[in-house]
Every structure is written in C-alpha cells, then in structure tokens.
Amino acid sequence: MVAKVIDGKAFAANVRAQVAAHVARLKEQNGITPGLAVVLVGEDPASKVYVRNKHASTIEVGMESFEHRLPAETSEAELLALIDRLNGDPAVHGILVQLPLPGHLNSELVINRIDPAKDVDGFHISNVGLLGTGQKSMVPCTPLGCLMMLRDHHGKLAGLNAVVVGRSNIVGKPMAQLLLGDSCTVTIAHSRTKDLAEVCRRADILVAAVGRPEMITGDMVKPGATVIDVGINRIERDGKAKLVGDVDYDSAAAVAGAITPVPGGVGPMTIACLLANTLTACCRANGLAEPEGLTA
C-alpha cells in the first residue's frame, strides 16, 4: 500500500483563496474589512518570522493588519493596557499575542485578557470551555486545520476510531474535542500510555501531536489509516539539519491509507486557519452569516 499524500500546502492555498473571496464580498456588500492585530513582545527570532508571515498572509487576503512590536522589557501593565485598547477597537476583529512571551510576563493572564470573541488563537479559557461543551467558540488554528483536512479526505467522520497522541492545551485536547464533535470515538494517548503501539493500531484516524521526533512508526499504524502529523522537530541527520514530524514518514506511509508530510502538511494550515478565524470573528461581530467550510 502506498499512502495518499495529503498536501497541506495546496489545501491551505485553497483556504486562503476562500477567505480572500469572502473578504472581497464583505468589503463590496457591507463596507467591512476584517482586521487582525498581532502583538509581538521581544526579539525571539522564530516569533519574528512567524509574525512577518502572518502579516504578509493577512494583507494577501485583503484584511487589515495591525502589528504591535513591543520591547522585551515591556511591563505586564503596559501589555494588558494594549490588549484593552485592541478589545475596544471596532476595526480589530482578531487579536493574537505571539508566544512565547518574555519570562516576566504571565502568558495565561495575558491570553485571558483578550476578548474571547476576538481570541482567534482559541486559547482563552472561555473558548476552551465552550469547545469542551460543544458550543460555538473560537477554535485553535492547528486542530481546526487538521479537522478540515480530515473532513475533506473522509467526508463524514462519524463512527471512526480516532487516536490523538498528545495532550497539550494547544493541539491534543482541542483536537480530541473537535473529533468528538464530528462523532468519532476518541482516545487521547500520550508518551506514558501503556502499550501505546497497540492503542495506535486501533485508530482509523491517528493524530500525532506529542512533540517527539519520529516517535510513531509504521508498525504502530493500522493498515489504511489516515495519519495526521502535527509535529515539527528540527534534528541533525548525516551532518545536516532536517525538519521531521512526530511520525516516521517512510515506514508509516508504507502502511497508511493517507498521510500528511512534514514539512508541507499541517504547518501551512495554521496561518490559513488564523485568517479563517479572523473572518469568522468579523462575521459574528457584525451579525452576518459565518463562512461555510471555514469553521468547526
């Protein structure tokens, strides 16, 4: 068996195109332009790259981009005051505070200061609770992207056995809630799960989000299963730096029915879903119909 490769880069381009079309209609028919504010504190190199990419993608789909770059020594009071101003700004529909924050800042306090309706990362405790109880919420971008790709590949997910390896608040837990919402039978596993290989082999859908390079091998995959690899790990191999996922791609692809590669799988969907969430937040704020196919 040779697994079908789920091309996240192409899928994300399609999502961005759908968002751009919705944004154009909002401008033309309603005179509204969705706005995304991104807050970066400090000079973390990876964060600066992420923020630059988010800015470019926001502009590309026709949205307003508001960047706030603050020095690393910014106080908690100053950062919270900025978030309060963004919460009250009607031109801003989505707010994202780039993590990690400098050590003297309380990330949970900062994230929970964001208006839940503008929390396009889906990390606010209110959105976590709404998702957990099956109510309308803002959904974390990476799990939302995974769900979109699974729906596209399978059609309906109801009745499928899903195993999520990883229990983080950012990916593992919300991914499990989304799969439950689509009527999958869901198991959350992790690095301490007894006989993890046997648990994984029961999965029709296997989502790897554990943060360990190539931990999931082909002998842990049910023949024909769909494997979604959320991991992005930088390792050294043969004297060269290489990006690999949480799945050993070659061995898993020989068994799976479909698989996402790393890079080029889940990664591109994260920013695409950030844009989709900003569009959704804008529509909700203005009492307009949400875009079909771009929400959970």
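Colleague: How many bridges join strand β7 (residues 205-208) to β8, and do the two strands run parallel or antiparallel?

Modeller: The model is a predicted one. Strand β7 is joined to β8 by four bridges, and the two run parallel. Within this pairing, Val207 has Ile228 of β8 as its bridge partner. Strand β8 also pairs with strand β11 (residues 258-259), again in the parallel sense, over two bridges. There the bridge partner of Val227 is Ile259 in β11. Strand β8 itself covers residues 226-229: Thr226 and Ile228 point one way, whereas Val227 and Asp229 point the other way. Residues on both of these sides of β8 are buried, Thr226 and Asp229 among them.

An unreviewed UniProt entry places the feature "binding site" at Gly166, Arg167, Ser168 and Ile232. Of these residues, Ser168 and Ile232 are included in the lining of the largest pocket.

Two of the annotated residues may be examined in turn. Gly166 is found in the loop that lies between β5 (161-165) and α7. Its relative accessibility is 3%, and because buried means under 20%, Gly166 counts as buried. Apart from its neighbours within four places in sequence, Gly166 is in contact with Gly172, Ile188, Ala189, His190, Ala209 and Val210. Ser168 likewise lies in the loop between β5 and α7. At 32% relative accessibility, however, Ser168 counts as partly exposed, because this value falls between the 20% and 50% limits. With the neighbours within four places in sequence again set aside, Ser168 is in contact with Lys173 and Pro174.

The largest pocket, to whose lining Ser168 and Ile232 belong, has a volume of about 1200 Å³. Its lining consists of 37 residues, and those nearest its centre are Tyr50, Thr142, Ile232, Gly267 and Thr270. At least two lining residues come from each of α2 (45-60), β4 (94-97), α6 (141-154), β9 (233-237) and α10 (267-285). The largest share, five residues, is supplied by α10. By residue class, the lining of the largest pocket divides into 21 nonpolar, 11 polar and five charged residues.

The second largest pocket holds about 490 Å³ of space. It is lined by 19 residues, of which Phe123, Ile125, Val128, Asn169 and Ile170 lie nearest its centre. Helices α4 (107-111), α5 (125-132) and α7 (172-181) are the elements that give two or more residues to this lining. Among the elements, α5 gives the most to the lining of the second largest pocket, with five residues. The lining here divides into 10 nonpolar, seven polar and two charged residues.

UniProt, in an unreviewed entry, lists residues 6-121 for "domain: Tetrahydrofolate dehydrogenase/cyclohydrolase catalytic". In the model, that span is 48% helix and 16% strand, and its end C-alpha atoms lie 24 Å apart.

Conventions: Residues numbered from 1 in each chain as written. Predicted model: local features only at pLDDT ≥ 70, side-chain atom pairs only at ≥ 80, totals over all residues. Heavy atoms only, no water. 1 Å grid on protein atoms, 1.4 Å probe; cavity = no way out; pocket = protein on both sides within 12 Å on 5 of 7 lines; lining within 4 Å. Points joined across faces, edges and corners; volume = space filled by probe spheres on them. Nonpolar A, V, L, I, M, F, W, Y, C, P; charged D, E, K, R; others polar. UniProt positions renumbered as here; feature names shortened; annotations may be inferred. Buried < 20%, exposed > 50% of the residue type's maximum accessible area, 1.4 Å probe, protein only. Contact = heavy atoms within 4.5 Å. Pairing = 2+ DSSP bridges.
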